[in-house]
Amino acid sequence: MTAKEYLQQLYKADVIINQRIQEKADIRARISSIGCFDYTKERVQTSLPAGAGYEREIVKLIDLENEIDCLIDTYVDLKHKIIGEIHNLKKPDHIKLLYKKYVEQKRLEVIAVEMNYTYQYIKELHGYALQEFSKTYPNLL
């Protein structure tokens, strides 16, 4: 694993959490929607089988909420760990750049403007910052 791949774990974890949250919203929408009735047909009394309909959806929702909680806990721990590792680097510009890129998830063009450097210089500095990270934490990669 490269330094870049290691640091990109935060972004990947964030994407997964957001997708699970969207899935939870979809399930909630299905639970809260009312089915359509056809009043033109003859009414017949029927009973649903055990565990049908809402019960299964509610169980899925609860399981998904528990999974999201676990994912968020893992994400927070990973974020705290990576921030600490970035802060242990020696060069302040490397710390700023890696924090903005991998923790704040900003694009290099935006970082260049914020740090008052050219985009080309930020690209080079990013490479040097990743090299410093790799040298500082060879056992993580």
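**Salt bridges and a pocket**

In this predicted model, E65 and R28 join their side chains in a salt bridge, with N and O 2.8 Å apart. A salt bridge here means a side-chain nitrogen of Lys or Arg within 4 Å of a carboxyl oxygen of Asp or Glu. The pair connects distant parts of the chain, since E65 sits in helix 3 (residues 54-87) and R28 in helix 2 (residues 9-32), 37 residues apart. Helices are DSSP runs of H or I with at least four residues, numbered from the N terminus.

**How to read the numbers**

- Residues are counted from 1 along each chain as its sequence is written, and side-chain values use heavy atoms, with hydrogens and water left out.
- Local features need pLDDT of at least 70 and side-chain atom pairs count only at pLDDT 80 or more, while totals for chains, interfaces and linings use all residues.

**Salt bridges**

- By the rule above, the count comes to ten salt bridges.
- Side chains of opposite charge can pair when their charged atoms come close.
- E65 is partly exposed at 23% relative accessible area, and R28 is partly exposed too, at 43%. (Buried is under 20% relative accessible area, exposed is over 50%, and partly exposed is in between, using a 1.4 Å probe and protein chains only.)
- E114 pairs up with K100, their closest N and O atoms being 2.9 Å apart.
- E114 belongs to helix 5 (residues 108-115) and K100 to helix 4 (residues 92-103), so this pair ties together parts 14 residues apart in sequence.
- K100 counts as buried at 18% relative accessibility, whereas E114 is partly exposed at 37%.
- E114 also meets K106 in a salt bridge, at 2.8 Å from N to O, and K106 is partly exposed at 25%.
- Put together, K100, E104, K106 and E114 are linked in a network of salt bridges.

**The largest pocket**

- The largest pocket has a volume of about 160 Å³, meaning the space filled by probe spheres set on grid points joined across faces, edges and corners.
- A pocket is an open set of points on a 1 Å grid over the protein atoms alone, where a 1.4 Å probe fits, with protein on both sides within 12 Å along at least five of seven lines; lining residues have an atom within 4 Å of a point.
- Its lining is made up of K4, Q8, Y11, K101, Y102, Q105, K106, L108 and H126.

Note on methods
Helix = DSSP H or I, 4+ residues; strand = E, 2+ residues; numbered from the N terminus.
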